[in-house]
Amino acid sequence: MKRKALLFGCIIGLVTAGIGILVVLFTLTDYPNHFSLSTIRAEGILGKVITLGSLLNLATFFWFLKKNKEFWAYGVVLATCLLTLLTVLI
């Protein structure tokens, strides 16, 4: 049961970060209608966009802690660590 909760938390963390990345792209960049990964990477802002998009995981983490779902919150932390490694590798 703990592994399943950890997996669900990780998936929710990745989805939340994905939504945050889209929000950052549509609001803070100059590519709202036709953005591509290669253009954003060529501009050198891909790591920054991933980092800002991951800030929504903070709210998700505290929401899971408030609902006493510690392993789901741990999954969100794991997803954030994975995104951090992705940002470092880029």
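Predicted model: local features only at pLDDT ≥ 70, side-chain atom pairs only at ≥ 80, totals over all residues.

User: Why is S54 called buried?

Analyst: Its relative accessible area is 11%. Buried means under 20%. So S54 counts as buried.

User: Where is S54 found?

Analyst: S54 sits in the loop between α3 and α4. Leaving out residues up to four places away in sequence, S54 touches A17 and L83.

User: What makes the pair of S54 and I50 a polar contact?

Analyst: A polar atom of the S54 side chain lies 2.9 Å from the backbone oxygen of I50. The cut-off is a pair of N or O atoms within 3.5 Å. The 2.9 Å distance meets that cut-off.

User: How do you know that the buried residues of α3 line one face of the helix?

Analyst: The buried residues are L46, G47, V49, I50 and G53. Seen down the axis of α3, they fall within an arc of 165°, so they line one face.

User: What covers the buried residues of α3?

Analyst: The cover includes α1, α2, α4 and α5.

User: Which residues make up the largest nonpolar core?

Analyst: It has 9 residues: A17, I21, V24, L25, I40, L46, V49, I50 and L83. The elements giving two or more residues are α1 and α3. The largest share, 4 residues, comes from α1.

User: What does A17 contact, leaving aside its neighbours within four places in sequence?

Analyst: A17 is in contact with G53, S54, N57 and L83.

Terms used: Residues numbered from 1 in each chain as written. Heavy atoms only, no water. Core = buried A, V, L, I, M, F, W, Y, C linked by side-chain atoms within 4.5 Å. Buried < 20%, exposed > 50% of the residue type's maximum accessible area, 1.4 Å probe, protein only. Contact = heavy atoms within 4.5 Å. Arc of directions from axis to C-beta. Polar contact = N/O pair within 3.5 Å; in protein donor to acceptor, adjacent residues only side chain to side chain.
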